[in-house]
Amino acid sequence: MTAGPDAPAPALPHRAALAVLAGACGLFALLQLGVATVLPQIQGAFGVSGSDAAWVVSGHLLVGCVATPVVSRLGDLYGRRAVLLAVLAVVAVASVASALTGSFTVLLVARLVQGVAAGLFPLCVGLLREGFPQRSLSGPSGLLSASFGTGGGAGIVLAGLFGGGLPAVRWLFATAALLATVLLAAGALVLPETPRRPATRIDVPGLLLLGTVSTCLLLALTRYGQEGLGSVTGTVLLAVAAAGCVLLLRVERRSPEPVLDMRLMSRRPLLCLNLVSLLTGLVMFQIGVLAPALVAAPRDTGYGLGAGGAVLTLVMLPMQLGALSGGLLSGWLRESGRLTTRTVMGTSTVLFASGPVVFALLPSGAGGLALGTALNGLATGLLGGAMVELLVQASPSGSTAVTVGLNGVLRSLGGAFGVQVSSMVLAVAGGADAHPSAAAYRTVFAGSAVLAVVAVGAAFLFPRSPVPRQEVPVPPGHTSRPIRPTT
């Protein structure tokens, strides 16, 4: 019997496709937050400094800033399904190289290549929008957000099982390679084809300038951390970054399809959402990197636990469980109408602000660290699904892919700067021995709390009423086409 034209699509293909999309988001989290958890093991196994080891995370995020718009544009050109499968293949190869290498240089290069994984999230959101009706967006987007907790939790468990050193690092990347391969095979079977938009262009000058400016800023922070605030090299790099930023803004105003669309960014709803993502990304990655460092630091520092695998799992697993439960809770609260999406976002920013306060004020101990990471994870899960829905509401028709991609870029930038600023402050304001002072950590967490409070303000400045999906005047050369569901 043939289904009528209005008959609902079979549940199995939808569920299978959604499972692949959730798995891809989990892989994305594993390569970001999961790897951040094992930074102390990477530092010890390869014999590098803390600032050098931080580049394993911040460099990965930096490449992700450039890769996100590129992958999104390629998804428009060649179809999101094809590009998502290509990204999974690249991640699988780079993960194998990361798992097998004994050289820090090779590991760092492989991590930079893995930065293309940042494009998985906007691709998944685009496939979600095209494969599911609008009324069902809250539940699936909440599931994608919850999958971040599952992916990051895999890294925590592996670190706990294999303790310190190279085995935990190798098994983490081997898991990433296996997951990418399974998702590649499953995605080829169940993911639907998506429309292609051949008129799409890639803003190469904007991407190069964005990468240059971000790299110079991060290198400047590294130099200040290594040589002190009087570093001449750091000052020169900072000046180059400032000049590049001015040039970037000028180029983007003239670009037909800019990476940083100033017209969209200047609109109040998107300005609020982007500021929230930038600042919460900074806080999220700071806590994700510094909590394992506090666990691994010796007890004679006055704040460290001098512990390994089991305690690290105790401290960090609540963050991933919080992200998992927060994502599911976010979808349920919004789909049931118990809380508005705006309220869910505001609540998450308050939780983001609470995490650094707990780290700064509670006495050192596994319980206090676990509470701080749990708050951070719950905030991450709540915000993920809500942010997707608000971006869809706030985006003018035809610009959803652009705004989601830009928001992802800013979240990655916030995370990269958060990791590198933390390393700089801990190095400059640290103690005379090999480990930073307790006061240096308090300075970092106090700064994170202040920035999170700014994010709270931005969240509650978001308009209460839904934003009408109106067309924005399109300058010559721009492409603005609505995304149409395939089902």
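This text walks through the chain from its overall make-up to a few individual residues.

The model is predicted: local features need pLDDT of at least 70, side-chain atom pairs count only at pLDDT 80 or more, and totals for chains, interfaces and linings use all residues. Residues are numbered from 1 along each chain as its sequence is written, and side-chain values use heavy atoms, with hydrogens and water left out.

Start with the whole chain. Its secondary structure comprises 17 helices and zero strands. Here helices (H or I, at least four residues) and strands (E, at least two) are DSSP runs, numbered from the N terminus. Of the 487 residues, 56% count as buried. Buried means under 20% relative accessible area, exposed over 50%, and partly exposed in between (1.4 Å probe, protein chains only). The accessible surface comes to about 18,800 Å², with 69% of it belonging to carbon and sulfur atoms. These areas come from the Shrake-Rupley method with a 1.4 Å probe; for residues, only the protein chains shown count as cover.

Next comes confidence. pLDDT is the predictor's confidence in each residue, from 0 to 100. The chain averages 80, and 85% of the residues score at least 70. Helix α4 (residues 80-100) has the highest confidence, at a mean of 93, while helix α7 (residues 138-162) has the lowest, at 69. Residues 1-12 stay under 50, and the model gives them one contact beyond four places in sequence. Residues 468-487 are also below 50, yet this stretch has 53 contacts in the model beyond near neighbours in sequence. Where pLDDT is low, the predicted coordinates should not be read in detail.

The expected span of a helix is 1.5 Å times one less than its number of residues. Helix α8 (residues 166-190) has 25 residues and reaches 36 Å from first C-alpha to last, close to the expected 36 Å. Its buried residues are A168, V169, L172, F173, A176, A177, A180, L183 and G187. An α-helix has 3.6 residues a turn, so residues three or four places apart point the same way. Helix α9 (residues 204-227) has 24 residues and should span 34 Å; its end C-alpha atoms are 34 Å apart, which agrees. Just after α9, G228 takes a positive phi of about 95°.

Between these helices lies a loop, and T194 sits in the loop between α8 and α9. T194 counts as buried because its relative accessibility is 9%. Leaving out residues up to four places away in sequence, T194 touches G79, R80, R81, L127 and E130. T194 and L127 are 67 residues apart in sequence, but their C-alpha atoms are 7.5 Å apart.

Move on to helix α12 (residues 268-296), which holds S277. N274 is buried because its relative accessible area is 7%. S277 is buried as well, with a relative accessible area of 2%. Beyond four places in sequence, N274 touches M265, L406, N407 and L410. S277 touches M387, N407, L410 and R411 on that basis. N274 and L406 lie 132 residues apart in sequence and 8.0 Å apart, C-alpha to C-alpha.

Finish with helix α15 (residues 366-394), where E389 lies. A salt bridge is a side-chain nitrogen of Lys or Arg within 4 Å of a carboxyl oxygen of Asp or Glu. The count comes to one. E389 pairs with R334, with the closest N and O atoms 2.4 Å apart. R334 is in helix α13 (residues 309-336), 55 residues from E389. R334 is buried, with a relative accessible area of 7%. E389 is buried too, at 14%. G381 is found in α15. G381 is buried, with a relative accessible area of 0%. G381 and F148 are 233 residues apart in sequence and 7.5 Å apart in space, C-alpha to C-alpha.

Note on methods. Contact = heavy atoms within 4.5 Å.
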